Every structure is written in C-alpha cells, then in structure tokens.
Amino acid sequence: MYTKRLGRVGVVLVVFLISALLLTFWSSSTSTSKTGAYTAQPTDYTIHTTEDWPTYIDPAVGNDFSDSIALLNLYDSLVFPTVQGTVKPSLAVKWGLSKNGLVYTFTLRHGVKFHNGDELTGEDVAFSMERLLTIKQGFAYLFSPYVKNAKATGKYTVVITLKKSFGPFISALPRLYILNKRTVMAHIVKPGTYGAFGDYATKWLLTHDAGSGPYTVQKYNVISDLLAAKFAKYWGGWSPNAPNFFEESASSQPASEYAAFATRDLDITDELLPLETYQSMAKLTGATVVTFLNGHNLNIMLHTKKPPTDDVHFRKALAYVFDYNAVISSIYPGSVQSKGPVPATLLGFDPNLFHYHTNLQKAKAELAQSKYANKLDQYPVTLSWCAEAPAEEKVALLFQANAAEIGIKVQITKKPFGSMEADATNIKTTPNASIVFVAPDYPEAGAMLSVRYSSASAGSWEQCEWLQNSAIDKMINDALATADQAARLKKYYAIQAKIVDLCPTIWVMDQAEKRAYQSAYVDWPVGDAIKAGKTAVGSSVMGYNLYAHDMKVYPQKRAELLSGS
Amino acid sequence: MEIFLDSIKNSIYKFSRNKVSIIGFFMVAMVIIVAIFAPLLAPYPKAAGAFIDFSNASKPPSRAHFFGTDVVGRDILSRVMFAFRGALIMGLGVIAAIVPFGVLVGLFAGYYYGTWIDTVVMRITDIFVTLPALLLALAVASFGRPSLFNSMMAVAFAWWPFYARLTYSMASSVRNETFVKAAQTIGAHKAHIIFKEILPNCLAPIFTKMALEIGWVILVGATLSFVGLGEQPPTAALGTMVSDGAQYLPAQWWISLFPALAICFMILAFNLLGDGVKSMLSTEVL
C-alpha cells in the first residue's frame, strides 16, 4: 500500500518537473524569437551609470537629465544630434522643406523594428507627435507653439505642418521620440484625461517602453533604477562588445558612489559629485576622470516677482558681489564663467555680450539704489540647492558669505530635486534664489532662451525666475520664427542683451562636466576622446553623452582588475 | 533647617562617592564653559558664520587646525565649539519646557485617578507614547521652516508624554498615602494637596529622568539636524556637520568624525552626570 502511494507521488513529481522544464524552455525561446529582446547570458555585462532621480521614461512626460538619458537609449528620433552641434539622419533618412517654410516632409528608414517586432512607419511618427502635443508635458513646449499637425502620407513618409515658421525645428527633432502606436493603443485605460484616447497609456508607459531604441525596459523601479536590455534586432546594429544591459540608477551619497565605483559596481558616475570625490576616484587603478565643456550652465535663478529679488538693483547687487572665480577655481575646476544666459558652445552665443563680474563697489552702489537698501533685515533671501548635487552646497555657502559682505542675509535650504521641481510650480513657493543646472534641449541659443525665459516655461524647474516679460516673449518668438540662420542669430544676440540688463539670473559658469569612468574595461566614446586629448567638448544636448549603444565593455578586463592580476 | 542641610550633605556625599559622576560633572561643565565662551576660545571664530576660505578647504588635522577644515575651508574645531551652544539649548531648553507640562498633566491625572479626567488625559498621553518619539519629532519638524526653535518644539511635542506617564504612576500611588488622606480629612485645598503633598514625593525620579535624558534629547536634536531639519547654514550644528561630512567619506574622514565625537562626548557627559544624580537622589541608606 505504502509502496503504491510512493509510486504515484513519484509519477506526479516527474510529470511536474518535465512540465516545468518545458514551460521554461518555451517561455525563453518565444521571448527571443518574437521580440528580439536579448536573453541573459552568463558572460553578460550591465553598464551602470547614475543620475538624479526621479526618471520619467514616457517620451511625452520626461524632460530632465535622467529622463533624457533613459529616453535616448529606449527610443529613436527622426534625427540624432552630433558633438559638433548639428544633427544627422536617424529614423529619417532625408527631409525637405516647402517654399513657405511651413511643411516638412520626412522619408523614413525602411525595416526599423519596434521592440515588439512591429515595423516603424509614418503612422507611428504622426501618432507620437500628436500624443506629445496632446499631453503637453515633457518636451511638448518645443513643438506646441509651432506644430499644426503631423500626418503619414505613406508607409515611409510623414509630413509635419507648422503653424508658423520655426527656424531650429530640425535641431529640436531629437526630442520627438517615436512610439509604437499599436502598443500604446493596446495599453490605453478608459476613461482618462484625453477623451477617446483615455489615459493615452501614460500609466503603462511610466514603467514600460514602446520604442525602437537600442535598449528595451527589462525592469523599472520607479523609486530607484532602470534596467534595460539590448534590443538584438536594433536597426543600427551592434558592435561585438556593446553592453548587453544598461542600468541607470539614482545618484546616492558621494561616499556610497565612491564605494560602488571602487568595487567596480558603477561604471560611469554622474556629473553631480563633489570635486573631492572625483579626486579620490581618479586615484583608483583603471579609473579615469574626464572633464569636458558640455553646453550646460549653472544658474542662481532669482525670483523676479518676490521681494527682495523683485528689485532689479537688488538682483544686480547680488550679481556683482558673487565670487565667480572661487567657483571656477575651487568648486568646478575647468569650468568657465558664463557670459549671459547662453553657454558659449551653442550656436547663437554672443561673445561680446556684457557680463557681470565680481565688484564689491558696484554691488554696494546697486544695493543703494534698491528699495530694500534700508530694510535688509526684513527681507532675507531664501535659497534652495539640490540635495543630489552636493557640490552645490559650496556654491550656496559662497553666495551666502558673499551676500553677507553687503549686509544681505541668505537662508539656505537643501532640497531634493523633486521638491525643488514642486516648489518651482508655484510663484509663492518658489524661493528667492534657486541653484540649478540647465542644459539645452537642442544645440542652439534659442533652446536656452525659450526654455529659460519665455513666459510659457515659467513655473518649471528650468525657470524659477518667473520673468513673465511680454517684450522678451515677443523677441524670442520672433527669433525662433526666423528661418534665415544669420538673421536668427542676430535676434538671439539682442535677446541676450535685454535679458542680461534685467539680471534675472546669476549666470555662474558654463559647466565643465566631470565624470569618472572605468577606462580599464569600458570604452566610452566621449571619455576616450578626451582621454586621448582629441576634443574637450561633449554633446551639447542634455543626456546625449550617455548613449550606451556606442559604448563597449570588456568583462574579462574587469575580472582581472578585481582579482588584482 | 538642620535636617535640610543634612540632606544636602548626604546627597553631595552620595554623588561624590560615584567617581564617574564627578568626571561627568566636569565634562558637562567643560561643554558649558566652551559654549558660553566660544567666541573667545575658538581659534577661528569667523568660521562659525557666513565664511568661506577655499584656500584652506579640506585640510586634515594639523597644528593650525586641530580638527582639520571642511570643504569650504572652515575650521572644524571652532565650529564644534559654537555648535555646543545649539546642542545645549536643545537639551536643556526642551527638558525645561516639557517637564513642567508633562508633570502637571501627570499630577492631575494621578490625583483624579479612576475618574473621567484620568481616562481622557491618560489615553491621549498613551496615544503619544505609542508613536516613536523620533518619528513624531521628524514629522512635526518637517511642517515648519527648519530652525533650532522649530526642532526644539518638535522634540518637546514628542517627549512630554514620558514625564506625564512617570508622574502619573507616582502621583496615583502617593495619593493613597496616609499623609495625603490626612490632609484631605482636615479640608486642605486640592492645590495644596497636589503641589505640597503629592508633588514633592514625585520629584526624585523626575529629576533622575531629567538628568539622564538631556543627552538623549541632544541626540534627537542632532538627528533632526542630520536630516536638515535643525539649524540652518551658516550656523554650526553638530548633526548638520556630520551629515555634510558624510558626503566626503572616506577621504576627508575628519569632517564627520570630530563633530560625531563631540556628540558622543556630550551624551556621555550628561549620562555620567545623570548617573550621579540618580545615586544622589536614591533612598539607599548609607
């Protein structure tokens, strides 16, 4: 009796094991064959980077540094920015513009596959533009004022019609990330904010992707990290040593990042660490710290609608008392003092623009003209700096010490970037001064001028000044609508002069971005070029220096480094 | 009078018998003296204010800077000396604010033991006691703009129930003693019974608890500073200094280490002193 029962249990166990094995085999084989998503191998390597958090991977929502890095690796766009500040064909192999400067016709690359295996067509491009314009978040502000509609006129042709001329339209197109219409429509939840489109799949796209980029979301933890796997059928092809996985995680304390870097768990650091941490990392075997001008600038944004920074003389006093040299020599070595709102590496920067420099006498003279000159005790300046960028604390303390020289009190608050973003959305909660790095969304002065100073961007982390100046708005719109490049650049110059005169910002420096990377076993085009002394400039477009597709990794060299051989 | 003097002599004798308490006493005295005279004693008093000196940034301990300098060139020893002020204000101020309130609540609830007053007051107190004090303080402190005063208010808000509970347990027991009954029998006023008969018999454990808890209050205050809810820059605060320095570990270890040791020193000092107060107020027969 007992033997019989044991026999039955054995049969059940064998059947169960065989079924489990079959299921495992079936699931792994189908996931590879159907979608082209890469299947993990024991020799795989994940290239790991860090950046500020949170990261929004929906192309119609994300628009900051970490979002940009994720989006560029998960999605494709019609054109791709180059280090030289131009763009090169990507999904679009060619394009043309109508005589009136309003109709762009794009011819798409054939055979591009989305991560689920669908072919990318003009319909998807038109859908992606319409979705971005409807949701009105992320990089929508680049296109909303100009784009009338986007229509597929053939399987591989799409026409984008503008409401009015937009000179840098092609330069802005890297920010239009193309989604798979079928995938998005399949994940729409109704009812939602967008009528017939329900929630436009915004909930699903918070943690998944519908792109055709070199990597596809493998695992996404909203709180801390994104793991993306190589898309084997990527149209751009793969080099043999390209990373099989790409991981972007939240920046942590410098000491933690140092520990992760020292144990080779982190391959490329963020650019937010204090100088001392980079110096420590540079001493590690096989590690290199690179510095390159990246087209980003550091701003102390002054709230122009809140006392006492609503007074232009008060703002100018702060601009004159600030010690710019201390920043570029002791906090961010290699950087250069900014000359106005446009980084010097961008097309349209005016090299002859007046800029503020440290001058205590002028600071005192400006303060004397301020309506707050005799009431400084009643009007302390509130200042926030970003907790994820520890070196900013030094800038904050320097600003506080400098301001104290002319009797201005500064109240410093350390805030997570998310809190700073939230504060910036309300004119009342935005502090008098906010220390913020800003990068252009496309490589031209218009990108910085519109996102930083047009009224449309007031209330975002990129404009804590609340400038809301109709004359500036008019000038920016006019410049952006100018198709002739030479004429457009002249107009950019005039805008810069006008903004500098209003002094809504202390333009601290054009950033020399620092990142440490494991040069012993990672080939990173930007880092390797700088290491070889070829160029000192990375991509001016936010996030585009971290394109994992072009990197190479050598796990064996890493193992040797760890074993000390 | 003679009995009172004898009692004091007896207490001092008990305190002096405990050698570590004497050490604690001198440690506390040292902290207080350094805090009061920080502008005179600190080698670089400017370092406590809005001051930057990048040419001296991140210097390790040396003769010029015994505790080294921080990442903006401020002398850490000077900042620690000034930071003792905030820590002492936190420890002594919070205890001074919460003890009278907590004791009053406990006295009344204890006197009215078994009545609705007891039930209502002590259940409210129990709700506070069930919440971890640090978490409650963090939650309260995060509502206002970070400052020493707000962090003191937050700690006080979280700490008073412990004194109410202690006093309540003492008062509800003492109220049944013969001398209290006697006072009631002769028609003494309730205030007289509560403050003259019950309160004096509850004081010994309250004083002991106070002496032992100053250090803990300082630690909670430092924790609030550590997470950015205490004193704000440029004012020196021990918790903030530890937090700021933690970013530069392990290379610039001194930036965090010395403020952390200063916190340990203060807590140890008050705990040793508290032990002495405890033995001084004990009913041990000598």
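Residues are numbered from 1 along each chain as its sequence is written, while chains are lettered from A and ligands numbered from 1 in the order in which they are written. Because the model is predicted, local features need pLDDT of at least 70 and side-chain atom pairs count only at pLDDT 80 or more, whereas totals for chains, interfaces and linings use all residues.

**Stop 1: the domains of chain A**

Colour chain A by its domains, which are domain 1 (76-197), domain 2 (213-287 + 518-563) and domain 3 (293-512); these bounds come from an automatic or database domain assignment. Select domains 2 and 3 of chain A together, and you will find their C-alpha centres 31 Å apart. Their contact takes 13 residues from domain 2 and 16 residues from domain 3, where two residues are in contact if their C-beta atoms, placed from the backbone, lie within 7 Å. On the side of domain 2 of chain A that touches domain 3 there are 9 nonpolar, 4 polar and no charged residues (Ala, Val, Leu, Ile, Met, Phe, Trp, Tyr, Cys and Pro count as nonpolar, Asp, Glu, Lys and Arg as charged, and the others, Gly among them, as polar).

**Stop 2: a sheet of 4 strands**

Select next β4, β5, β7 and β6 of chain A, which in that order form an open sheet with antiparallel pairing; helices (H or I, at least four residues) and strands (E, at least two) are DSSP runs, numbered from the N terminus, and two strands pair if DSSP finds at least two bridges between them. The edges are β4 (92-97) and β6 (147-154) of chain A, each of which pairs on one side only. Within this sheet, β5 (residues 103-108) and β7 (residues 157-162) of chain A pair over 5 bridges, and Val103(A) stands opposite Thr161(A) in β7(A).

**Stop 3: a sheet of 6 strands**

Move to the open sheet of chain A with the order β12-β16-β11-β15-β13-β14, whose pairing is mixed, and whose edge strands are β12 (336-337) and β14. Helix α8(A) lies across β11 (288-302) and β16 of chain A, running at about 20° to β16(A).

**Stop 4: where chain A meets chain B**

Show both chains: 19 residues of chain A are in contact with 20 residues of chain B. The elements giving two or more residues to the chain A side are α7 (254-262), α8 (275-282), α10 (324-331), α12 (392-404) and β14 (410-415), and the largest share, 6 residues, comes from α12(A). By class, the residues on this side of chain A divide into 10 nonpolar, 6 polar and 3 charged.

**Stop 5: two helices of chain B**

Finish with α11 (residues 238-246) and α12 (residues 254-281) of chain B, which pack at an angle of about 150° with their axes 7 Å apart. These two helices, α11(B) and α12(B), are therefore roughly antiparallel to each other (the term applies to angles over 145 degrees). Among the residues that meet here are Leu238(B) and Met241(B) in α11(B), and Ile255(B) and Pro259(B) in α12(B).

Technical notes:
Axes fitted to C-alpha atoms, helices over the stretch in contact; angles between N-to-C directions. Parallel < 35°, antiparallel > 145°, perpendicular 65-115°, else oblique.
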